[in-house]
Amino acid sequence: MGHLYQFLLIPTRLTLKVSTVLYRLGVCSIACLAAVFYSSWVLCLVLRKGPRAVFGKKRRDGPPSCLTDTTCGEHRYLILRNSGLRLHYVIAGQEGAQLMLFLHGFPQNWFAWRHQLKEFRQTFKVVAVDLRGYGFSEAPAGSEHYQRDRLLEDVQGLIEALGTDEKNAFTKCILVGHDWGATIAWEFAASYPNMVEKLIILNGVQSHVFSEYLAQHPRQMLQSNYMFLFKLPKLPEFLWSCDDFNFVKNTMMSRNGGIQNPAHSLTGEEMDAYLYGLSERGGLTPPMNYYRSKSSWVPAKHKDILVATLLIWGEKDAYLEKGLLPLAQQYVRKSIRVHCVPEASHWVSEDQPEKVNQLMWDFLRERE
């Protein structure tokens, strides 16, 4: 009987192996096409500006003042108890107040939350962290250091170290995430609901939701072309650093994909707040390792969200389709509020900070 069972499993195993091979071939093909596209763009830049301008490196002797001053809060470092990793964060507010933890996305750092740090520090202990591999935080080499469990362990360590009240007793936090930070926040809330009181998400979805949607929507594949490019070794770092990080600047400042609100367009100094860390030797590799590691993430054990959730979505997002929203919502088992901001881009917290802050206040004042 056992031999018959093993025999019957052969077609299933073969199908899975063939599907895996076809998937990898598909990803590799799209990555190569993306490489051709970005290489062609760089070639056009060379023809227009000359090789010296495109391949020369702009010297940045130090970080811009806006990245290191104390306007938004005090700069501190924390060595995580379990991993020994050293993370940089900015903190403001009262020590005994409830922790509100902010997680940024690519290609940003703690500075992405400057508007929210100033807004919520009167009521909460606000903390904006540089995720591992970003900004002033430690950047382990190798994509294996950017697996889901490592990222969730970082968040857990931060909350355990910083999420205490006046009596030094642990309290649940308000967890806020955007883009990659949103993905991590979704995953953390699902895995550690006892550590999160409320979840606030800005233009980002769960890893499994994105993968499912991507496989069925070719347009999203086109919008995510850079993600496929990042799976290749070394070439993405070279291409994205050309012309003083032309692609990074376009991502955040262009008419199509960048911040839409003229009142909050990034200044040269503010853009440099993001470019400084990336321009350090090997600075692009750790952020790109998030994408390289994602395909090898072990499927999540927990997908349901058991905490009250606010989902804010800039409708002019050039990188994530609005069609992802219903899929993301279906895993929330508690109350969820969804607010689309028609005039905002993917960078909604910087694009429309007043609107985002008001939506957050309304949600935080709600009683379940």
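**A walk around helix α10**

Hi everyone, let's start with two helices: α10 and α12 are oblique to each other. Please keep in mind that what you see is a predicted model.

Where do these helices sit in the chain? Helix α10 covers residues 235-253 and helix α12 covers residues 285-294. Their axes come within 11 Å and cross at roughly 130 degrees. As for the handedness, α10 passes α12 in a right-handed crossing.

Which residues meet there? From α10 we have Pro 236, Glu 237 and Trp 240, and from α12 they are joined by Thr 285, Met 288 and Arg 292. Sorted by class, that contact of α10 with α12 has 3 nonpolar, 1 polar and 2 charged residues.

Now let's stay with α10 and look at another partner, helix α11, residues 268-279. Here the axes are 11 Å apart, and the packing angle is about 140 degrees. That makes α10 oblique to α11. The crossing of α10 over α11 is right-handed.

On the α10 side of this contact you will find Asp 244, Phe 245, Val 248, Lys 249, Met 252 and Met 253. On the α11 side, look for Met 271, Tyr 274, Leu 275, Leu 278 and Ser 279. The residues in the contact of α10 with α11 divide into 8 nonpolar, 1 polar and 2 charged.

What do they pack against?

Lys 57 itself lies in the loop between α2 and α3. Is Lys 57 buried or exposed? With a relative accessibility of 63%, Lys 57 counts as exposed.

Strand β1, residues 74-79, pairs with strand β2, residues 86-92, in the antiparallel sense over 6 bridges. As one example, Tyr 77 has His 88 in β2 as its bridge partner. The two strands form a hairpin with 6 residues between them, and in the turn Gly 84 has a positive phi of about 80 degrees.

How values were computed: Residues are numbered from 1 along each chain as its sequence is written. This is a predicted model: local features need pLDDT of at least 70, side-chain atom pairs count only at pLDDT 80 or more; totals for chains, interfaces and linings use all residues. Side-chain values use heavy atoms; hydrogens and water are left out. Axes are lines fitted to C-alpha atoms, for helices over the stretch in contact, and angles run from 0 to 180 degrees between N-to-C directions. Helices (H or I, at least four residues) and strands (E, at least two) are DSSP runs, numbered from the N terminus. Angles under 35 degrees count as roughly parallel, over 145 as roughly antiparallel, 65 to 115 as roughly perpendicular and the rest as oblique. A crossing is left-handed if the near helix is turned anticlockwise from the far one by less than a right angle, and right-handed if clockwise. Contact means heavy atoms within 4.5 Å. Ala, Val, Leu, Ile, Met, Phe, Trp, Tyr, Cys and Pro count as nonpolar, Asp, Glu, Lys and Arg as charged, and the others, Gly among them, as polar. Two strands pair if DSSP finds at least two bridges between them. Buried means under 20% relative accessible area, exposed over 50%, partly exposed in between (1.4 Å probe, protein chains only).
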